[in-house]
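Thank you all for coming.

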Amino acid sequence: MTDVERQILLNQIAMLEVLIPLGSSGPEGTREILRRRYRESAELVRQHSPPKT
């Protein structure tokens with residue numbers, strides 16, 4: 001993952017953090033969809049981040 005791709009994902013995560021509280025609740029509500037996307041993006045960043053030393 002390039003630095004630019006990583007920064008895009010981090011920016012996406014920041015936007016999702018702001019949007020999640022505004023979403024509708026329920027099992028298939030906007031809030032749950034945004035949370036799912038948040039988890040997916042965070043996992044991608046974790047997978048492609050250099051190991052901590």
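Let me begin with the salt bridges: across the whole of this structure, which is a predicted model, a search finds 5 of them. I will go through some of these, starting with the side chains of E32 and R35, which meet in a salt bridge with a distance of 4.0 Å from N to O. Both residues belong to helix α2, where they lie 3 residues apart, about one turn of the helix. E32 also forms a salt bridge with R39, and here the closest N and O atoms are 3.2 Å apart. Taken together, E32, R35 and R39 are linked in a network of salt bridges.

How exposed are the members of this network?

Another salt bridge joins the side chains of R37 and E40, at 3.0 Å from N to O. These two residues are separated by about one helical turn, because they stand 3 residues apart in helix α2. R37 is partly exposed, with a relative accessible area of 44%, and E40 is counted as partly exposed at 38% relative accessibility.

Let me turn now to how the helices are placed. The axes of helix α1, which covers residues 3-19, and of α2 come within 9 Å of each other and cross at roughly 150°. That angle is over 145 degrees, and therefore α1 is described as roughly antiparallel to α2. On the side of α1, the contact is made by R6, L9, L10, Q12, I13, L16, E17 and L19, while α2 contributes L34, R37, Y38, S41, A42, L44 and V45. You will notice that R37, which I mentioned for its salt bridge with E40, is also listed among the α2 residues of this contact. As for its handedness, the crossing of α1 and α2 is left-handed.

Is S41 buried or exposed? Its relative accessibility is 3%, and because the class of buried residues takes in values under 20%, S41 counts as buried. If we leave aside the neighbours within four places in sequence, S41 is in contact with L9, Q12 and I13. With Q12 there is a polar contact as well, made between the two side chains at 3.2 Å.

Finally, I would like to consider the loop between α1 and α2, which is where S24 lies. S24 counts as partly exposed, with a relative accessibility of 39%. Which residues does S24 touch, leaving aside its neighbours within four places in sequence? They are G29, T30 and R31, and with T30 the side chain of S24 makes a polar contact, side chain to side chain, at 2.9 Å. For a sense of distance, the C-alpha atoms of S24 and V45 are separated by 26 Å, the two residues being 21 residues apart along the chain.

That is where I will stop, and I am happy to return to any of these residues on the screen.

Conventions
Residues are numbered from 1 along each chain as its sequence is written. This is a predicted model: local features need pLDDT of at least 70, side-chain atom pairs count only at pLDDT 80 or more; totals for chains, interfaces and linings use all residues. Side-chain values use heavy atoms; hydrogens and water are left out. Buried means under 20% relative accessible area, exposed over 50%, partly exposed in between (1.4 Å probe, protein chains only). A polar contact is a pair of N or O atoms within 3.5 Å; within protein, one must be able to donate a hydrogen and the other to accept it, and residues adjacent in sequence count only if both atoms are side-chain atoms. Contact means heavy atoms within 4.5 Å. Helices (H or I, at least four residues) and strands (E, at least two) are DSSP runs, numbered from the N terminus. Axes are lines fitted to C-alpha atoms, for helices over the stretch in contact, and angles run from 0 to 180 degrees between N-to-C directions. Angles under 35 degrees count as roughly parallel, over 145 as roughly antiparallel, 65 to 115 as roughly perpendicular and the rest as oblique. A crossing is left-handed if the near helix is turned anticlockwise from the far one by less than a right angle, and right-handed if clockwise.
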